[in-house]
Structure formats: structure tokens, C-alpha cells
Amino acid sequence: MSKTILAVDDSPSVRQMVRLTLIGAGYTVVEAVDGQDALEKAGSQRFDAILTDQNMPRLDGIGFIRKLRTLPEGKGVPIVFLSTESQDTLRAQAKEAGAIGWMIKPFDQAQLLAVVKKVAGA
């Protein structure tokens, strides 16, 4: 059975790259356009891992993680933060909110697959 990954990013090109990379490796991918959309999807379906951007309309990445962690569906789901920013303060906030990994954009497909395999399993 394939693992299901939630990809949260307001950039269609980033979502497409994530989707194509992960589908090519046998994962199922659900896309969300921002944190609010992701929260609605994560409230109705269990994911094996979540990849989320920080800067998005309606609800940013850290806000999304904090809200998700209060839901039963959000307990124990590995979350990897994708961001163009590399500040330690943001990284610390993401970790405190419940993210277990961090990737700086742009990243390549090999990096993405390695991280997803590590957190979600193959």
C-alpha cells in the first residue's frame, strides 16, 4: 500500500514538482494551496507525512502545524518544513510547533525523496 503525503504550498510550480517527484517514487500525493486548505484536508484524512511551506495566505506553515497538532489526526504525523528562509528563529519556531525536518528551497528531487523516505518510510 502506498504512503500518502500532503504537500502544502501556495506555489503551483512547487506543488507540481513535489507531486511529480513523489508519484514517480510510488507515493500518493494530496495537494493543499495554503495552511487553511491543508488543515481541512488533514482533518478528514490521515497522512503518512506532510510537507509544508511557511509563507502562505490565510494560514502560514507554523500556524498550520500548531493547529494540526491539536487535532487527533495531527498526532504523530511527521511534518517537514519547506522554506526559502533559513533563519534560526524560524527554524526554532517550526520545531517548537511540531516540525521534525527542514528543507531550504530550492531543493532537488533527490533531496526531497531522501527526506520523505526518512520520515514516511518507503
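Let's start with Lys 105, which sits in the loop between β5 (101-104) and α5 (109-120); helices (H or I, at least four residues) and strands (E, at least two) are DSSP runs, numbered from the N terminus. This is a predicted model, where local features need pLDDT of at least 70 and side-chain atom pairs count only at pLDDT 80 or more, while totals for chains, interfaces and linings use all residues. Residues are numbered from 1 along each chain as its sequence is written, and side-chain values use heavy atoms, with hydrogens and water left out.

Is Lys 105 buried or exposed? Its relative accessibility is 13%, so Lys 105 counts as buried (buried means under 20% relative accessible area, exposed over 50%, partly exposed in between, with a 1.4 Å probe and protein chains only). The Lys 105 side chain makes a polar contact of 2.8 Å with the side chain of Asp 9. Such a contact is a pair of N or O atoms within 3.5 Å; within protein, one must be able to donate a hydrogen and the other to accept it, and residues adjacent in sequence count only if both atoms are side-chain atoms. Leaving aside neighbours within four places in sequence, Lys 105 is in contact (heavy atoms within 4.5 Å) with Asp 9, Val 14, Asp 53, Leu 82, Ser 83 and Thr 84.

## The sheet

Five strands form an open sheet in the order β2-β1-β3-β4-β5, with parallel pairing; two strands pair if DSSP finds at least two bridges between them. β2 (28-32) and β5 stand at the edges with a single partner strand each, so one side of each is left without a neighbour in the sheet. Neighbouring strands are turned by 20° against each other on average, direction ignored.

β4 and β5 run parallel and are joined by four bridges, and Ser 83 stands opposite Ile 104 in β5.

## Helix α4

Which residues of α4 (residues 88-97) are buried? They are Leu 90, Ala 94 and Ala 97. These cover an arc of only 65° around the axis, which puts them on the same side of α4; the arc is that of the directions from the helix axis to the C-beta atoms. On the other side of α4, Asp 88, Thr 89, Lys 95 and Glu 96 are exposed.

The buried residues of α4 pack against α3 (61-68), β4 (79-83) and β5. Just after α4, Gly 98 takes a positive phi of about 130°.

How values were computed: Axes are lines fitted to C-alpha atoms, for helices over the stretch in contact, and angles run from 0 to 180 degrees between N-to-C directions.
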